[in-house]
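The following questions and answers concern the structure shown below. Each answer works towards the value or name requested.

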Amino acid sequence: MSRRRLIGAAIAACATILLAGCQAGHGGSPGTSHLVVGFAQVGAESSWRTANTKDIESAFQHAGITLRFSDAEQQQANQIAAIRSYIQQRVSVIAFSPVVESGWDTVLQEAKAAGIPVILTDRAISTDDPSLYVTRLGSDFTKEGEKAGVWAKKEFAAASSVKVLEIEGTTGSAPAIGRTKGFEKEIGDDSKFSIVDSQDGGFTRAGGEQVMEAQLKAHPDVDLVYAQNDDMALGAIQAIEGAGERPGKQIKVISVDATHDGMEALAQGKINFIVECNPLLGDELVKLVKKVTAGKSVPRRIEPPERTFTQEQAIAALPTRKY
Ligand code: AHR
């Protein structure tokens, strides 16, 4: 075979191999089937989290990109171990929703040294080194807290005193910090509001119920419960009903998330107002992974679309609610 023919045959063989590589993915676009993303999830503490996991898994499956998934069971140590394992596996991108805000610098420096880009999904971290992650895709939790405070001020406009119980999410987590800050800032300029207590309900239904049970004994005259997610609000509702009181009537309830169960309770008048926190981050995360691995620039911060719900709005939205 002549030298020119030999080169031609070699080029044709390479093209065939490349084409086969591109077609190996399941519905993925050409050039992404080789990507592997390590995703370190917080846990399975709430219905919001379940919806978030499901959405991310399905988006990656649809894109034909391999997703390695780990559940940290709300423990930072587990999440750090998962990230270290993804570094060892030399994945293309690490994505994670940090259990708490602080304490990530060491492990993220290891990812950086290994040349693996990190994307934060949902929750934020606090660090002095902005180079430790590429972008954060998630809600503005302070804004969510402010929306809850604005509603409380309107709802109790005619009252002379309002006793508030805060059922907070996991201590040290970005949503607990932001939702407390935004809410307290908003009601802080109205002296008729007093916070009788703020307790950690761990973003779980059982946590919300336990906190409410204890607080009803200590503060039976509470007017408003600000639960920082739907699961804790639903737990609190159970405790209020168990004590023979009517949630949404004698004790008003504000919640965050707008999951299906939360919206049902809002439609029934047991919750009075919900601030939405959007868990459907999968498609946007896939887009970010594709851009980052292609060396394209991405915005430093991406917020999903979110709104608030009253009872009437929940009734209208429920039939088509996705989660
Ligand atoms: O980080 C988002 C929060 O975490 C959601 O509001 C809550 O339900 C979840 O557990």
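This is a predicted model: local features need pLDDT of at least 70, side-chain atom pairs count only at pLDDT 80 or more; totals for chains, interfaces and linings use all residues.

Q: How far from an oxygen atom of the ligand does a polar side-chain atom of Asp-257 lie?
A: For Arg-49, a polar side-chain atom is placed 3.0 Å from a ligand oxygen atom. For Asn-229, the corresponding separation is 2.9 Å. For Asp-257, the distance from a polar side-chain atom to an oxygen atom of the ligand is 2.6 Å.

Q: What percentage of the area that the ligand exposes when taken alone does the protein bury?
A: Taken alone, the ligand exposes 280 Å². The share of this area that the protein buries is 100%.

Q: How many Å separate the centres of domain 1 and domain 2?
A: The domain assignment gives domain 1 as 32–139 + 279–305 and domain 2 as 141–277. Taken over C-alpha atoms, the centres of these two domains are separated by 30 Å.

Q: Which residues of domain 1 lose the most area to domain 2?
A: In the contact between the domains, 16 residues of domain 1 meet 19 residues of domain 2. The two domains bury about 1,200 Å² between them, with 51% of it on carbon and sulfur atoms. On the side of domain 1, three residues together account for 35% of what that side buries, and those losing the most area are Trp-48, Arg-123 and Ser-139.

Q: With which residue does Glu-303 form a salt bridge?
A: The count between domain 1 and domain 2 is 1 salt bridge. In the salt bridge of Glu-303, the closest N and O atoms are 3.1 Å apart. The partner of Glu-303 is Lys-143.

Definitions and conventions. Residues are numbered from 1 along each chain as its sequence is written. Side-chain values use heavy atoms; hydrogens and water are left out. Domain bounds come from an automatic or database domain assignment. Contact means heavy atoms within 4.5 Å. Buried area is the accessible area (1.4 Å probe) that two parts lose on being put together, summed over both. A salt bridge is a side-chain nitrogen of Lys or Arg within 4 Å of a carboxyl oxygen of Asp or Glu. A polar contact is a pair of N or O atoms within 3.5 Å; within protein, one must be able to donate a hydrogen and the other to accept it, and residues adjacent in sequence count only if both atoms are side-chain atoms. Accessible areas come from the Shrake-Rupley method with a 1.4 Å probe; for residues, only the protein chains shown count as cover.
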